[in-house]
Amino acid sequence: MELFRGVLLIWVSVMFSIQINSSNVHGRYHFHKKQKGKDSSAPSSPVSAPEVAPPPVPSTPSNNPSVPSDPYLNDPRNTTTSECIFDVTDYGAIGDGYTDDTAAFREAWKAACAVESATVLAPSDNTFIVTSTIFSGPCQPGLVLQVNGILMPPDGPESWPEADSHKQWLVFYRLDDMTFTGTGTIEGNGQKWWDLPCKPHRGPNGSTKSGPCDSPAMIRFFMSSNLVVSGLTIQNSPQFHMKFDGCEGVHIEKISISSPKLSPNTDGIHIENTKSVGIYDSMISNGDDCISIGTGCSNVDIDGVTCGPSHGISIGSLGVHNSQACVSNITVRNAVIRESDNGLRIKTWQGGTGSVSDISFENIQMENVRNCINIDQYYCLSKGCTNQTSAVYVTGITYRTIKGTYDVLTPPIHFACSDTVACTNITMSEVELLPHEGELLDDPFCWNAFGTQETLTIPPINCLQEGKPEKVAEVSQFGC
């Protein structure tokens with residue numbers, strides 16, 4: 001019994017010791033995990049302890065300064081590309097068709113002139129009356145005059161202020177990078193000017209009364225560059241609808257110009273002393289030249305224009321009063337000329353000097369046109385012009401793919417060149433002109449005209465002399 005009691009005590013002692021050691025091992029494991037954090041090499045505990053995120057590290061303002069957000073970051077006032085609109089009604093314009101709004105337009109222009117890419121707006125559903133005004137520069141680039149309403153001058157000479165010029169209405173002077181555009185109408189109120197007795201055939205019994213007969217040109221750009229005119233309807237000018245003088249870099253696109261067929265001196269677009277001009281996709285009907293090109297013009301491109309009724313597309317008149325005239329590098333293509341007194345015309349006065357060179361007419365459709373192709377070096381407005389020996393030299397003229405119909409009142413082709421200065425280097429190719437009504441006229445007129453027929457023409461133009469005259473002039477000797 002004593003032996004059994006001793007063995008039992010030894011066994012209880014051993015088991016107690018094992019339990020204590022096991023408890024101490026578990027205690028050391030949990031302590032180790034708390035002290036060292038998660039250790040991938042340690043065995044997993046039956047009970048996982050919650051992970052505690054490390055406390056945030058405070059930032060040091062002196063080393064990492066924060067940038068405050070801009071409360072106006074998306075405010076359009078902070079962007080230079082936003083439009084700056086100067087609405088003339090905000091400057092006092094009434095737009096009722098009776099009140100003189102000139103002062104409002106001048107104030108809006110003055111304010112916009114000082115701001116880059118600004119727009120002077122004449123809004124729609126308004127009719128603005130403006131007297132003769134010069135909108136002058138220089139201005140900040142990108143200035144736009146946008147007419148969406150109707151803009152017009154006083155109605156006729158009796159309503160015209162005595163102190164204002166009777167030669168011009170809207171003048172744009174010394175501007176660069178300026179646009180005249182809009183969906184509106186520039187109305188000239190020309191009827192009372194056309195009816196003046198000093199106008200051709202407006203006097204007693206169809207006469208023309210002598211005396212001063214100034215009438216305002218509607219729109220004039222003078223000594224300006226990089227101009228755009230687009231979208232507008234321009235109509236019923238007292239005289240020329242639009243003039244460019246002393247300008248460079250002109251782009252005209254998608255405009256409409258109109259006045260009655262018998263309205264006197266109402267040229268559609270007139271340019272002189274102006275270079276690098278493009279006239280595109282526009283319609284012009286008026287009482288004089290659809291487009292007229294005066295002296296000092298070069299690098300002119302006309303494409304997609306429809307003319308008529310009108311007096312056609314003209315270069316000239318040039319050399320009046322024994323003056324020098326220089327015109328070069330003119331291209332007219334993809335045009336329609338209908339119901340017009342002239343088609344493609346070059347006209348010079350006797351006694352002038354200078355030259356017309358490098359002119360190309362291509363793909364022109366004629367519809368019932370008199371004088372479809374015309375060079376006239378004997379241009380004269382009266383019967384008192386005397387013969388003179390000097391003349392503007394005409395050379396390098398190309399007519400290519402000129403087709404359609406002509407009015408049989410006059411031959412469709414007429415080359416009347418100077419006795420002393422022949423026309424040279426005229427090229428005819430695919431010229432086919434048939435009578436609109438009546439019989440074919442097979443007698444084109446030529447005088448001292450030299451050139452080449454690349455294809456047979458209709459009507460035949462056997463009078464065009466091949467080769468060159470005995471004395472061949474050089475453009476340089478005429479001062480151009």
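Predicted model: local features only at pLDDT ≥ 70, side-chain atom pairs only at ≥ 80, totals over all residues.

Q: Does Cys198 count as buried or exposed, and at what relative accessibility?

A: Residues are numbered from 1 along each chain as its sequence is written, and side-chain values use heavy atoms, with hydrogens and water left out. Buried means under 20% relative accessible area, exposed over 50%, and partly exposed in between (1.4 Å probe, protein chains only). Cys198, at 15% relative accessibility, therefore counts as buried.

Q: How many disulfides does a search of the whole structure find, and to which residue is Cys198 joined?

A: A disulfide is a pair of cysteine sulfur atoms within 2.5 Å. The search finds 7 disulfides. One of them joins Cys198 to Cys213, with an S to S distance of 1.9 Å. With 65 degrees about the S-S bond, this link of Cys198 and Cys213 is right-handed. Cys213 counts as partly exposed because its relative accessibility is 24%.

Q: Why is the disulfide of Cys113 and Cys139 left-handed?

A: The torsion about the S-S bond of Cys113 and Cys139 is about -105 degrees, so the disulfide is left-handed. Their sulfur atoms are 2.0 Å apart. The bond links distant parts of the chain: Cys113 lies in helix H2, and Cys139, 26 residues apart from it, lies in the loop between strand E5 (133-136) and strand E6 (143-147). Helices (H or I, at least four residues) and strands (E, at least two) are DSSP runs, numbered from the N terminus. Both Cys113 and Cys139 are buried.

Q: What kind of aromatic pair do Phe172 and Phe221 form?

A: Rings of Phe, Tyr and Trp (its six-membered ring) pair if their centres lie within 6.5 Å; planes under 30 degrees apart count as stacked, over 60 as edge-to-face and the rest as tilted. By this rule the count comes to 12 aromatic pairs. In one of them, the ring centres of Trp109 and Phe172 are 6.2 Å apart and the planes stand at 50 degrees, so the pair is tilted. Trp109 belongs to helix H2 (residues 102-113) and Phe172 to strand E8 (residues 168-173). Phe172 and Phe221, by contrast, are stacked, at 4.8 Å centre to centre with 20 degrees between the planes. Phe221 lies in strand E11 (residues 217-222), 49 residues apart from Phe172.

Q: Which residues form one aromatic cluster?

A: The cluster is formed by Trp109, Phe135, Phe172, Phe180, Phe221 and Phe244. Within it, Phe172 is buried, with a relative accessible area of 0%.
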